[in-house]
Every structure is written in structure tokens, then in C-alpha cells.
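Reader: Pick one position in this model and look at it closely. Then set that spot against other positions and against the chain as a whole.

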Amino acid sequence: MSEVAKDLLAGTIGGAAQLICGHPFDTIKVKLQSQPTPLPGQLPKYSGAMNAVKQTIAAEGAGGLYKGMGVPLATVAAFNAVLFSVRGLMGSLLRSEPGSPLSVNQQLICGAGAGVAVSFLACPTELIKCRLQAQSALAGGPGPSPSGVKYSGPMDVAKHVLRSEGGIRGLYKGMVPTLAREIPGNAAAFGSYEALKQYFAGGKDTSGLGTGPLIVAGGLAGAAFWVSVYPTDVVKSVIQVDDHRNPRFSGSVDAFRKILASEGIRGLYRGFGPAMARSVPANAVCFVAYEVTRSSLG
């Protein structure tokens, strides 16, 4: 089996494990990010993460926490194939000799390059996911719901966007903040993951590390991703669920300024708690699944 094929298979398994573990947290994150800013004297629809969980389960059942999971699950193979394969290919170009370990700085470069590549898959996938996750949060709020549409599922979102929002271009709404999230975020994740593995290995070969250190390194790598880029994810989410007929935002910079003006720094960190609660276990599972699968393939 080629190295690219090994990265494909291991990345797919790691990504599926990450998605199953983390999707409910992601749903709550998107609901908190996308709920309209309350008018003066009004309370927000969700007072916090636990309140969003309770309202979601009460209104939609436990399945509401997994809304929008179909598209990411269906595309997890392609997404992780690109992420880990591009990272692996860049690593092979940066190595001084075949098989030599990559330095932390080289992993940073590989992560950034992989981030560019995955953005082209992540943007349309997340637009569909966010529309499905956020529609209950936007319903009945002081601001407009996206297009006033009640989506029945992922394909319904895709059909509506292609028909009414500029075709393929509409699916790439939010591409700029997606790139601004994926490039530095993946650089931080892969760089910190390698640094932590080297720390746990005492500067020696990291291939012999056990599951425990890999869990810690993977979990903290996921935390590094979100700590470094979270406000860009908020901007991405609000742009992707914005009403194309009566938009609140003219672009990424405008969204950033308006959120900052109306809600301050806190507005750029809406949903940060669920994001971090998701990121640590989900990325720990992802990296361990990837490492175990990859090592078993030789």
C-alpha cells in the first residue's frame, strides 16, 4: 500500500471517530454562534451551552444534537484524505532524507499547507451543516432567518443554494474566514501535536509512544486549533447562515466589526465553551485512531 493510501485510510478512520465523538458539541457551538443578537430589553434565545442543549433536546429530541451530520460524515473520507495526504506529501518534500522525522517548524508548514487544501472541501460542507444546525436558533429571533427557508435535509440545502444563491459560488460563501481558520488552525494543531509528542518522548523517537501520551497530545492539539482561530469561526458561521436576500453583513471584515461593535470581544467567542469541550476529546480520538491505523499498516 502506498504512503498516500495509508494516510487516506488512517485519516478517514480518524476523521469518522472525531465526527461521531464531537458533532453534538459542534451543533451547540453553531447554535450559540448564529443566534440573532437580542434587541434592547430582550433576552437571547439561549442563555448558555446547557440551556441550548436542553432546548434542542426538548424541541428536536436527542437526534437534534446530530443534525447536519450527514454531509460531514459522507465527506469525511475526502476531507481527511486531503488533510493527511497533503500533510504527508509536504512532509516528504521537507524531509532531509526519506523516513527522517519532521521538526516542529516543518509540521507547522505541513499543517498550513493542508489547511489551504481542506478549505475547498470544508467551506461548502460547513455551509450546509451550519444551515441545518442553526435554523432552529434563528427561527423566531429578531433578525431574519436565512432566506426564510425550513430545510428538510442536506440535499435540500444544497439544492436551494445552487438554485437561489448563485450556483456553486453560493456554496463557497464564507470561504475567506474558512481559509483564515484552516491555515493557522491546522498549523497550530500539527505543530503543537509534534511538539508534545517530542516532549513526551524526551526528544527521542516518537513512534514508540503509548496511547496515553497520544491522547493528551491529540487533545491539546485540538485545543490549540481553536484557541488560535476561534473568532474567525464565528465570522464564518454568521456569514454562512446570513440571509442572502437581506444580508446583515457585506463580508468578513464587516461581520467582524459589527459583532465587535454590538457585543464586544465576547461576541467573537460565542460558543467557545462547547467548541473546546468538543475539541479536546474529539481530536484526541482522531489522532489516536489515525496513529493506531497508520502504524498497523506498516
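Author: Start with the burial cut-offs: buried means under 20% relative accessible area, exposed means over 50%, and partly exposed lies in between (1.4 Å probe, protein chains only). The model is predicted, so local features need pLDDT of at least 70 and side-chain atom pairs count only at pLDDT 80 or more, while totals for chains, interfaces and linings use all residues. Numbering runs from 1 along each chain as its sequence is written, and side-chain values use heavy atoms, with hydrogens and water left out.

The position is Thr27. Thr27 belongs to helix α1, which covers residues 3-34. Helices (H or I, at least four residues) and strands (E, at least two) are DSSP runs, numbered from the N terminus. Thr27 counts as buried because its relative accessibility is 0%. What does Thr27 touch beyond residues up to four places away in sequence? The list is Gly64, Leu65, Tyr66, Lys67 and Gln133. A contact here means heavy atoms within 4.5 Å.

Now step back to Asp26. Asp26 also lies in helix α1. Its relative accessibility is 8%, so Asp26 counts as buried. Setting aside residues up to four places away, Asp26 touches Lys129, Gln133 and Arg278.

Move on to Gln35. Gln35 sits in the loop between α1 and α2, the latter spanning residues 49-60. Gln35 is buried, because its relative accessibility is 7%. Gln35 and Arg270 are 235 residues apart along the chain. Their C-alpha atoms are separated by 9.6 Å.

Next, Met90. Met90 has its place in helix α3, residues 70-94. Met90 is partly exposed, because its relative accessible area is 22%. Leaving aside neighbours within four places, Met90 is in contact with Ile109, Cys110, Gly113 and Ala114. Gly111 lies 21 residues from Met90 in sequence. From C-alpha to C-alpha, Met90 and Gly111 are 9.0 Å apart.

For an exposed case, take Arg169. Helix α6, residues 168-171, holds Arg169. A relative accessible area of 74% is why Arg169 counts as exposed. Arg169 and Asn186 are 17 residues apart in sequence. In space they are 25 Å apart, C-alpha to C-alpha.

Now the whole chain. The chain has 10 helices and 0 strands. In order from the N terminus, the elements read α-α-α-α-α-α-α-α-α-α. The radius of gyration is 19 Å, close to the 19 Å that the globule rule gives for 298 residues, so the chain is as compact as a globular protein of that length. That radius is taken over C-alpha atoms, and the rule is 2.2 Å times the number of residues to the power 0.38. Along the principal axes, the C-alpha atoms fill a box of roughly 60 × 35 × 35 Å.

Burial first. Of the 298 residues in the chain, 50% are buried. Thr27, at 0% relative accessibility, is one of the buried residues. Contacts next. Among contacts with a separation of 6 or more, 78% join residues 24 or more positions apart.

One stretch remains: residues 209-296. The chain is 76% helix and 0% strand there. The end C-alpha atoms of that stretch are 14 Å apart.
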